[in-house]
Amino acid sequence: MSFRGLHDADPLDPSVLLLQHRHRSHSVDTEQDVLRPRQQMRVFLSMWRMDPRIRPYVIRAGFYGIYRLGHIIIDWPLITCLVERWRPETHTFHVPLGEMTIMLQDVAIILGLRIDGPAVTGTCMVDVAELCGELLGVTPPADALRGLTISIRCLCQQLSTPGPDADEVTLERSARGFILALMGSFLFPDKKGVHVHMCFLPLLRDLTLTSTYSWGGAVLAHTYRELCRASLDRICGISGCITLIQLWSWERLHVGRPDFGRSVPFAAPPFLHALHDDDIDGVVDEDMVDGLPVQHGVQPEAEAAVEPEPALPLGCRWRVPLTRVLNPSGVLLLYRDQLDAQTSDQVLWQPYVGEVVDRLPLYA
C-alpha cells in the first residue's frame, strides 16, 4: 500500500484502507502523545514471589517460560510509533518497505507458548464464587470482583503463600492462581491491567491438559485486537501483550533497539541452573529486578534434586537495560523519522536461524 509522503500519512488508494478517517495516523502531524501503559507485570512479580513448591505445576501447564521472561521495560514511544503503522483492515504494520506483521512463529519463539492444539475457548457464563471455591479454594471478597473478572491483587493476597504443610491440592490451587494472575498481568491484561477474566480459570482445571491448548494463538489474536483498537484516533492507551510487540520489533527492526550485540548467542543466564527459581527461600535473582545488583544465595540441599529447567523462550535474551544510543530521550518524532527512512538492509527478515532454531522446544 502506497502513501503520499512524510507529511501526509493518507494512502494514495483509499479503496482498501477504509478506516483512514478514523485512524490515528490521520492526525499524526498534530498528535505527539505516547500511548499509556496498561500492563502490570512488574507489579505482579513484586507482589507474588513464586513458591518453589508450585514451580512443577507451572512448568506442567506450560507457562514457566513466561514467568522467566518476567518484566521487560516497555519503550512506549516505540510502541506508539508501531501502533500508528498498524492497519486494522489488513492486520499488518505498513512501513515504507511494505507490510510486516507478528506471526504465530514469533509468538512460539519469543514467548515460548504452544501454537498448535485445541483453541482456547469456552463460556463466559460462570459462577465466579463457585469456580473460585472449587479450583482456587478461596472465596474472593465482593470488592475484588468486577463482573466476571477478579482482582489480581486479591489472588496474590489469598494464594501466594501456601502454608508449610500444604498438600498437593493446595499447591495446585496456588499454582492455578499464579497462572491466572500471570495471564491478567502479561498475556491478557484488561484495560487497566489489574483484573483478569475468570473465563480462563476452567481451562486450568487439569494443568496437564492446559499445556495442550494453543495459548500462543490466543495471545496473538488478543494482541491483534488490541492493536486494532489502539490504532484508531482518540484512543490513549493500549492493552494486550505489549512485550510481544516490542520484542518482535527488536528482533526485526533497528528502531529503538537496545544496545545489545547481535553476535551474542542465545543462552540461559549463568545462574539459571544454580537457582531453581527467581525467589527461593527469600533469594531474588537479577532477572527479577531491572538492572539492580542483588545478591544470590545458595540453594538448600532439600531442593537439589528438582527437575531441570525447561528451555527458555528467545525473549529472555532481551532482558537487558533499556538504553538508547541514537535516541537517548525516546523521542516519538525521531522514531517516526527512522521508520520513514528505513532501508531493506536495516530489517532482519529471518531472525530465527541457526542456534536459535536448534534451541527451540519441540512444540515450536
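This is a predicted model: local features need pLDDT of at least 70, side-chain atom pairs count only at pLDDT 80 or more; totals for chains, interfaces and linings use all residues.
Trainee: Why is helix 5 called roughly perpendicular to helix 10?

Mentor: The axes of helix 5 (residues 104-111) and helix 10 (residues 215-230) cross at roughly 115 degrees and come within 9 Å. Angles of 65 to 115 degrees count as roughly perpendicular, and therefore helix 5 is described as roughly perpendicular to helix 10. The handedness of this crossing is right-handed.

Trainee: Which residues of helix 5 and helix 10 meet?

Mentor: From helix 5, Leu 104, Val 107 and Leu 111 take part, and they meet Gly 216, Gly 217, Val 219 and Leu 220 of helix 10.

Trainee: What makes up the contact of helix 5 with helix 10 by class?

Mentor: Five residues are nonpolar, two are polar and none is charged. Gly counts as polar in this scheme.

Trainee: Why is helix 4 called oblique to helix 12?

Mentor: Helix 4 (residues 76-85) packs against helix 12 (residues 332-340) at an angle of about 50 degrees, and their axes are 9 Å apart. Angles under 35 degrees count as roughly parallel, whereas roughly perpendicular begins at 65; helix 4 is therefore oblique to helix 12. The crossing of helix 4 and helix 12 is right-handed.

Trainee: Which residues make the contact of helix 4 and helix 12?

Mentor: Helix 4 contributes Pro 77, Leu 78, Thr 80, Cys 81, Glu 84 and Arg 85, while helix 12 contributes Leu 332, Tyr 335, Arg 336, Leu 339 and Asp 340. By class, this contact of helix 4 with helix 12 has six nonpolar, one polar and four charged residues.

How values were computed: Residues are numbered from 1 along each chain as its sequence is written. Side-chain values use heavy atoms; hydrogens and water are left out. Axes are lines fitted to C-alpha atoms, for helices over the stretch in contact, and angles run from 0 to 180 degrees between N-to-C directions. Helices (H or I, at least four residues) and strands (E, at least two) are DSSP runs, numbered from the N terminus. Angles under 35 degrees count as roughly parallel, over 145 as roughly antiparallel, 65 to 115 as roughly perpendicular and the rest as oblique. A crossing is left-handed if the near helix is turned anticlockwise from the far one by less than a right angle, and right-handed if clockwise. Contact means heavy atoms within 4.5 Å.
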